[in-house]
There are 2 protein chains.
Amino acid sequence: MGRLSTLFAPERVAVIGATDSEGSVGRAITSNLLESFDGDVVAVNPYKDDVLGLRCYDEVGDVEGEGIDVAVVVVPPDVAIEAIRDAGAAGIGNVVVITAGFGETGSEGAARERDLREAAEAYDLNLVGPNSLGVMSTPRGLNATFGNEMATEGDISFMSQSGAFVTAVLDWAAERDVGFKDIVSLGNKAILDEGDFIAEWGEDPETEVILGYLEDIADGEEFVRTAREVTQETPIVLVKSGRTDAGASAAASHTGAMAGSERAYEAGLEQAGTLRVESVQELFDFAQILSGQPLPDGEEIAIVTNAGGPGVMTTDAVGDSDLSLSSFEDETLGALRETMPEEANIYNPVDIIGDAPAERFETALETVLEDDNVAMAVVVACPTAVLSFEELAEVVVSQQRAHETPVATTLMGGKSVGAGREILSEAGIPNYFDPARAVESLDALREYDEIQSREYEEPATFDVDRERAREILESATRRDTNRLGVEAMELLDAYGIPTPAGGVVSSPTEAEELAEDIGDDVVMKIVSPDILHKSDIGGVEVGVPPEEVRDTYEDLVVRARNYQRDAAILGVQVQEMVDLDSGTETILGMNRDPQFGPLLLFGLGGIFVEVLEDNTVRVAPVSESDARGMLDDIESAPLLRGARGRDPVDEDALVEAVQRLSQLVTDFPAIVELDINPLVATPDGVQAVDLRLTIDQEEL
Amino acid sequence: MGRLSTLFAPERVAVIGATDSEGSVGRAITSNLLESFDGDVVAVNPYKDDVLGLRCYDEVGDVEGEGIDVAVVVVPPDVAIEAIRDAGAAGIGNVVVITAGFGETGSEGAARERDLREAAEAYDLNLVGPNSLGVMSTPRGLNATFGNEMATEGDISFMSQSGAFVTAVLDWAAERDVGFKDIVSLGNKAILDEGDFIAEWGEDPETEVILGYLEDIADGEEFVRTAREVTQETPIVLVKSGRTDAGASAAASHTGAMAGSERAYEAGLEQAGTLRVESVQELFDFAQILSGQPLPDGEEIAIVTNAGGPGVMTTDAVGDSDLSLSSFEDETLGALRETMPEEANIYNPVDIIGDAPAERFETALETVLEDDNVAMAVVVACPTAVLSFEELAEVVVSQQRAHETPVATTLMGGKSVGAGREILSEAGIPNYFDPARAVESLDALREYDEIQSREYEEPATFDVDRERAREILESATRRDTNRLGVEAMELLDAYGIPTPAGGVVSSPTEAEELAEDIGDDVVMKIVSPDILHKSDIGGVEVGVPPEEVRDTYEDLVVRARNYQRDAAILGVQVQEMVDLDSGTETILGMNRDPQFGPLLLFGLGGIFVEVLEDNTVRVAPVSESDARGMLDDIESAPLLRGARGRDPVDEDALVEAVQRLSQLVTDFPAIVELDINPLVATPDGVQAVDLRLTIDQEEL
């Protein structure tokens, strides 16, 4: 059991601020606890002698007898911190702070929240909230919330950054067959956040599926680490709202949380192995099927239907998903041919036609479920005079159980569906009117199966010259700038990312010597942090023959001075010519996300990134397969792989460059942003031709 | 009223094949008719004296009294055609053929269906089916189907190519508040098809929304024409299944219909002004809001909620849609500031916080609906102790009515929603648990409003040399080939699509003369239908100076002969050099779709079409704005418009070229396929550099 086990399964709960005044939150919580909790409830309120029949203590420290596991704090904000300290001093490990008026209300509240966090940390409290609706746990009947509704028992555990959404879900679930194990309203997440709860539920044998509604993730890197472990056993399905620009600013004004970028969330949640959904409907559709059905052994689906049209709609939904239609084995086709009417379509989607009674569904379903090419099935039935949905439901349940293969159903109707739906629901088989939802839900099973079989490799650690890299970064500090350019190319050399021969020199003679070493025509560029668009001022010369290097040096410096008399000139870069024609320009970059840390970006250069916005991101550090996945992600990937008669580039070299950059930015949090543009990829390797980075000197 | 008015509102209906044998289709139809139809039912069956209390006639011609408006045919397939002839001979105008065993069952059935069509055409019958579930119309209580369920009255008319789907929808609708005007099961569409029914319902004042489930469209061009007119008054919402490759082959095996391409359907249905949806859920979500709410006067939406989190989810849904969040006027903000609690968020999404009773919702909703920047509103409410969903529903209804502004609601709950939902539903205000559905439905209103305000311009008719074009096409006939290349460039000249100076010559001397006329270096290419990849065999020379033209001619011919001794050589193309560097290569093409006819394709050349698949299609003929829309559609459009420091190309010239090609392929159905690749666009115009086309000689 996790460290929060006593939070969800306490023996004794104290309500600090218990009261019986009508309509108050303190009364609602006390009476909710009294109603269903199978442990002991203690009331604390210095202004009351008894509350709802309970003796009322002045302070939580006064309570005699066995220890209290959870204190629920509902006193006003100005005394809440004192109450938390009292709880800590009394040895209570878990505190649920219902009280609002903290970080969500402006600067005064934010200061109060800092004090609250300090108090909680001083006593090492597991603190939920503040500004929480409370917590619930059905096995003990624990309802430490001020909502109107208690959850029914089930195997879904649910956390929500919106308390109102918890009340909505409970009201909705009361009408359906959706049960819960634990529910927590996260509130402002001063201490406990989503990472703590997924860790707890990951160890909880009674939680089959973890659901979350989140508006931000407090610590992205920690979340990814925890979620990767948890999702090996327990699926996590999340709505992360504030996806769109409009939604993100609404979320910011609602929670006051600093927003990470949507792209970082997208990458981070995917790398973490969570199933991210966009709507409330999907959240619960996926929860139900994950809790009720086994995982499929493949991606191939069989459709069995009594109606051609709905069969086509279902097939379209399969086409939209990552599932594929099973091709049946000859034996299956033979058996179907023998047992189905002549007008039936025995190929997938199997159409057993309109006069099919439940028995024919049974035969067809049994036959296809025995086929090794069938990893899951969907049964799509329209109401007819000869078909009882109730009988059909029983047949589906028994076949699903016998084959232990995931099944979903579409009983396409309304009033005649009722009894059948209940039979299915009790057996954990989800039923929908719309076949698209059945297929999407089965696809979620496939996706989770794929997540579960992921092997998270450790990021490779290359042999690099970390000290040299540190020196180069520190040189910027000495020059009192946060921005570095090609003068820092050695940073890449130090981490084994290939660069063309060359360097930055500070005299015509040095330039000439370097060009002679290179032994061919060179590219020369003025190096100055004050000149951003070097080409525009004539600060770049391409294909300079050795004999013109000396003069070109002088020319470049003059042009720079003419452009800006006091420009800081660090010298001139002399670089081997890179054959751009035989190579493909790519961009490899990084910036830091407030929640997820370093975010790597990869794409093809030029129009691909600028006009077509064709690029992909990953949270660093990345493993080899993460890095390889980035190459697969972009639409323009075929251009790296020999489209239009070109030679394919050296993908392994690209993948290695991504991993090496990942190592660099992970080793040095001081690198705030970095762009290698272009990183030229050829059939023989890669070369970083240009570099820009920004550093945070305080992190050095 | 349309020509099908007596089909849906008959006085007298005959059932040919009426019977009382238990479980038969003939009995089901007769008893369904007897149950609710307010007209007269006549039974026809030579083997019966009476059926379900009706006197039974031997033949429909024997029936005395007033004329029969509709004959429903349920006799076996081998006698069905005779029954149809009898009906025609008796002067019956409408026939509904329930009988199956026609085109859906193989070659014998297909032949039978041809006979049926002939019989129907001989009597000019409005024939539904065969293989139809039947028709319904609620105002007269007409239930001429063999389903179990009669629709309740409403303003939605619904056609379905799947009879089973009709039964599913009726069963589902019986549980909800969804009513219908007319329903038709299209069956095999031997005579009447989707185009006829949309035309009928377009003229029917009792039909507010037309819904359809289609697997194919019989005549795409006719459908587009009709739908454009109908959708000026009445929205059409369609599921067209077989969207995906898998779905299309399932549909083909189900209906035996020849599939048009999905891209043609996509373009055609969009150009027709229909709202195409992908799921059954959307079909009815859109139907309900279109039938219940007025159209918005803009795309700006206000969100009013008592819960921050669900407010953020709703804002995300707005971000996903084509709607935008209203920016409130100062007056609105002032009024909200005055009337809402201090903790409320008065900016959109308006969060009137958790302690809001219905009255506060009323004040907030009234205030925002009076704002000119608010074209529609969504109310999102979570259950709380102080809020009655019933009261809230009443408030929303009265505000919606007072402002005549479209409103949808998300009462986020289950068991406490019931009464509120009913009040809303009676007032035509849709309610959903998931805010995304509310926003998507409001977005459908916006989309239909935009469709309604479309002005379908006539395609421009340019002054072209049609006779010359015909001669060029006919020259292919003389050469006994279906494929033409650059030798047909004059076809483009004849239709005013600019081509570089030049032509195809058949001797070195002619080549030299032509090059002299051009007066500059030229491009020379061998012209042979037998040599597809000219560059590979050295069949193309670029930048040939005038003095080398003669020798180059000889070289090209020798290389062609070396490659293939008996290749048909039509000559050598001598063409002005086109400066590809200053231009952008585009592709303009056409192929013919079996349902929609000529389909124009436009995209950028090279990797854009081949690797990135970035292109767009329209059904021809296109208007100027259609053509301009093609330029807007592609992702790489910025490259035409001056991205990365290039001069923008002459868009008007491109738009005109698209229209001129549209005119060419519309004028000549013999052109089966055509590709101008590249069509080079520059700041000064366009030039068609290369051409391939395939013709169908029988169409000439």
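Student: Is Thr584(A) buried or exposed?

Tutor: Thr584(A) is buried, because its relative accessible area is 10%; buried means under 20%, exposed over 50% and partly exposed in between, with a 1.4 Å probe and protein chains only. This is a predicted model, where local features need pLDDT of at least 70, side-chain atom pairs count only at pLDDT 80 or more, and totals for chains, interfaces and linings use all residues. Residues are numbered from 1 along each chain as written, chains are lettered from A and ligands numbered from 1 in the order written, and side-chain values use heavy atoms, leaving out hydrogens and water.

Student: Which element holds Thr584(A), and what does Thr584(A) touch?

Tutor: Thr584(A) sits in strand S25 (residues 584-593) of chain A, strands being DSSP E runs of at least two residues and helices H or I runs of at least four, numbered from the N terminus. Setting aside residues up to four places away in sequence, Thr584(A) touches Leu604(A), Leu639(A), Leu640(A), Arg646(A), Val649(A), Leu679(A), Val680(A) and Ala681(A), where contact means heavy atoms within 4.5 Å.

Student: How far is Ala358(B) from Glu613(B)?

Tutor: Their C-alpha atoms are separated by 52 Å, and the two residues are 255 residues apart along the chain.

Student: Last one: where is Asp521(A)?

Tutor: Asp521(A) is in the loop between helix H19 (508-518) and strand S22 (522-527) of chain A. Asp521(A) is partly exposed, at 30% relative accessible area.
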